[in-house]
Amino acid sequence: MTTPQALPDIPPGTGSPWPVFWVASVAVFLVSMDGTMLFAAFSALRAGFPQATAADLSWVLNAYTVVYAAMLIPSGGLADRHGRKKVFLVGVALFLAASVACGLAVSVEWLVAARALQALGAALLTPASLSLVLAAFPTNKRAVAVSLWGAVGGLAAAVGPSLGAFVIASLGWRWAFYLNVPLGMLAIGRGAILLTEARQPTRGRPLDLAGMGLLIVGIGALALSIVHAESPDWSRRELLTTAGIGLASVFGFVAWARVATAPLVDLGLFRNATYRYANLAMLSFGTAFSMMFFAFFFYMNSIWHYPLPLAGLAMAPGPLLVVPVAAWSGRLASRHGHRPLLVLGCLIYAASALWFLLVPGTEPAYLTHWLPGMLLSGTGVGMVLPSLSGAAVSHLPADRYAVGGAINQAIRQIGSVMGVALTVLLLGSASLQRADFNSVYLCHMALALITAVLCLPVNTLSKVVVNSA
């Protein structure tokens, strides 16, 4: 077995790593924002495609997250083996082309297919961008760089619904996709000039098509069975059969990964306790994260009857806290480790769910009933989401950064799929009452507390390890 080579420290005088960081972060911002922006578009899509059900429209969101989750992992391997700059630029270009195709969609089927293609581009660029950032910074700055990189993604995911509300209300849902083009072109143009290959591309191994197929079928079938659980068009037998196919595919994926010569997921990575628990925590937190933001627009539209731009403005204070809190927590993590911040952040996030469960009523009272909950949630997300990404890769060898980070982000997307599916199941009816939201907030709170428990075994060392035994 070849000993992994450490990424070298950046020697003095070779230039600032921040231009590389910003190029990579612009693309990641677009990807993360696009994953949540359509939370605000659900009503507009219903109006644009009146023949589609809520369950059908959920696949505009879930087609993206299912394909993104399944393709992130092989894309990390492609970046490690064939060149991070090359894979990054190809991914951005594909993401932009698919974004234009989404904006031109004339049917739900077209839109879902274009979203799947968009997810493929997103999956190619995400792990490559993290590897480029890690390689650009000296060892003693990598923990902060990873936290900030994760903060950009967390901010984009949090800002997505707010920005989407303004864009969709002003220009229509198609502009939620066209908005990607100018920033994406900037990332391609600057990236072609500024980025260099972090390592020499190496000869790749075969793509694990069997593993990829099992993962897509497993996640997709489970989500399908959840969103149609209350549908009158689906019988109990059909639901159970679909759920059974999903579970069998997931177990089959794990079994295949144990025996395949070049599996999609290297299960050996999970022998590290920090990596194992950080990924389990990301699964539960990703589910809670998407449930919170998706439910927000249901509440604003159905209970307080806010117009879409006002709903977007009402959400903004929470996301605006994410980057400053993440930067602060990244500095603390470099000195004291991730664990204390993760546990405290999860408890704050659970407190935000408790606030939304107990305080807001049917009459709008934003400053006293909603704003405190948004500030709590923004603080919790800023402390947890970037730190989970950093903790997951903190003890991996250098040549596994992209793959290890890709698995972590894929697991977050799987959580997002489950969160969207659960929210559609609980809140997908045309007429909603205040009491209907209690189950969502209870799930949100329970998942935040589960995440806190899963973070307890995470190693407190925050230093990004670049050598392995």
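Which side chains meet in a salt bridge at 2.7 Å, N to O? Let's start there and then tour the rest of this predicted model.

## The salt bridge

The partners are R115 and D34, whose side chains come together at 2.7 Å, counted from N to O. A search through the whole structure turns up one salt bridge.

Are the two partners buried or exposed? Both R115 and D34 are buried.

Next up is the second largest pocket, which has a volume of about 690 Å³. It is lined by 24 residues, and those closest to its centre are V250, V254, L283, I411 and I414.

The top contributor is α10, with six residues. Sorted by class, the lining of the second largest pocket holds 19 nonpolar, three polar and two charged residues.

Now look across to V417: S290 and V417 are 127 residues apart in sequence, yet their C-alpha atoms are 8.2 Å apart in space.

M300 is in helix α11 too. Why does M300 count as buried? Its relative accessible area is 0%, and that is why M300 falls in the buried class. Compare its position with V181: along the sequence M300 and V181 are 119 residues apart, and from C-alpha to C-alpha they are 29 Å apart.

## A loop residue with a positive phi

Follow the chain out of α11 and you reach the loop between α11 and α12 (308-315), where H305 is found. What is the phi of H305 near? The angle is near 55°, a positive value in a residue other than glycine. For context, most residues other than glycine have a negative phi.

H305 is also out in the open: with 58% relative accessibility, H305 counts as exposed, because the cut-off for that class is over 50%.

## On the surface

Some nonpolar residues show up on the outside as well. V100, L104, V106 and W110 make a nonpolar surface patch, and together they have about 360 Å² of accessible area. One of them, V100, is part of helix α4 (residues 84-103). Because its relative accessibility is 31%, V100 counts as partly exposed.

Our last stop is P182, in helix α8 (residues 180-194). Is P182 buried or exposed? At 54% relative accessibility, P182 counts as exposed. P182 and L96 are 86 residues apart along the chain, with 9.2 Å between their C-alpha atoms.

Terms used
Residues numbered from 1 in each chain as written. Predicted model: local features only at pLDDT ≥ 70, side-chain atom pairs only at ≥ 80, totals over all residues. Heavy atoms only, no water. 1 Å grid on protein atoms, 1.4 Å probe; cavity = no way out; pocket = protein on both sides within 12 Å on 5 of 7 lines; lining within 4 Å. Points joined across faces, edges and corners; volume = space filled by probe spheres on them. Helix = DSSP H or I, 4+ residues; strand = E, 2+ residues; numbered from the N terminus. Nonpolar A, V, L, I, M, F, W, Y, C, P; charged D, E, K, R; others polar. Patch = residues over 30% accessible without salt bridge, like charges linked within 9 Å, V, L, I, M, F, W, Y side chains within 5 Å. Areas by Shrake-Rupley, 256 points an atom, 1.4 Å probe, with all protein chains shown as cover. Salt bridge = Lys/Arg side-chain N within 4 Å of Asp/Glu carboxyl O. Buried < 20%, exposed > 50% of the residue type's maximum accessible area, 1.4 Å probe, protein only.
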